[in-house]
Amino acid sequence: MGDMKNQKHVMVALEPTMGDHVLKQFVNTIYDKTSQKVTLVHCVEYHFVHTPVISMGFESSSGRVMDLESVMRRATLAEGEAYLKRITKKAEDLGVKVEDTKVLVANPPKSSVKFVLCDYIKEKSPQMVVCGAQGKSAPHRGYGYLGSVSDFLTHNAPAAIMVIRGPSTRTLVAS
């Protein structure tokens with residue numbers, strides 16, 4: 001195995017709708033277990049709307065009042081951790097040696113997935129980030145074939161970005 005100091009750090013950002021596809025494409029195109037340190041990242045997002053009610057908490061079975069926002073945050077984080085655990089197992093089954101995993105939490109309007117992910121990339125300084133792009137927002141936002149998160153990362157993250165497109169359902173016909 002390669003010297004840990006000389007290993008390139010590759011961060012793979014995954015989300016449930018394209019995670020399997022991105023992971024398989026990463027393994028089939030650029031993964032090299034002898035020279036890459038791999039971090040799997042998943043960013044979850046939860047929305048909490050403050051409403052003008054007298055109490056923003058509710059009673060638990062122990063009689064303690066719990067903050068609804070913290071309950072929602074913990075539930076979203078738990079869901080993200082469960083997804084990351086499943087996808088890490090799939091990565092290991094594909095032969096990827098996962099060095100680290102991280103679930104990030106975005107809470108609009110305070111933060112969004114693209115900003116939280118970009119900040120984490122700045123903090124960890126990987127040489128490359130692999131992410132998926134469905135391009136759902138592309139046609140009406142002018143992104144071409146990138147989605148808003150992948151477009152943001154290509155323009156703002158301090159690392160090389162490899163964007164993996166989703167599997168195409170269109171058939172191209174040659175004339």
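How many bridges join β1 to β6, and in which direction do the two strands run relative to each other? In this predicted model, in which local features need pLDDT of at least 70, side-chain atom pairs count only at pLDDT 80 or more, and totals for chains, interfaces and linings use all residues, β1 and β6 run parallel and are joined by 3 bridges. Residues are numbered from 1 along each chain as its sequence is written, and side-chain values use heavy atoms, with hydrogens and water left out. Helices (H or I, at least four residues) and strands (E, at least two) are DSSP runs, numbered from the N terminus.

The pairing of β1 with β6, in which V12 stands opposite V130, belongs to an open sheet of 5 strands with parallel pairing and the order β5-β2-β1-β6-β7, where two strands count as paired if DSSP finds at least two bridges between them. The edge strands, each pairing on one side only, are β5 and β7 (160-165). Neighbouring strands of this sheet are turned against each other by 25° on average, direction ignored, with axes taken as lines fitted to C-alpha atoms, for helices over the stretch in contact, and angles running from 0 to 180 degrees between N-to-C directions.

Helix α2 (residues 68-93) lies across β2 and β5, and runs at about 155° to β5. This helix, together with β1, α1 (19-29), β2 and β5, is among the elements that each supply at least two residues to the largest nonpolar core, a set of 23 residues in which V12, F26 and L40 have the most contacts. A nonpolar core is here a set of buried Ala, Val, Leu, Ile, Met, Phe, Trp, Tyr and Cys residues joined through side-chain atoms within 4.5 Å, and buried means under 20% relative accessible area, exposed over 50%, and partly exposed in between (1.4 Å probe, protein chains only). Leaving aside neighbours within four places in sequence, L40 is in contact (heavy atoms within 4.5 Å) with residues including V12, L84, I87 and V98. A second, separate core of 18 residues includes V41, L117, C118 and F152.

L117 and C118 are also among the buried residues of α3, whose cover includes β1 (8-13), β2 (36-45) and α5 (148-156).
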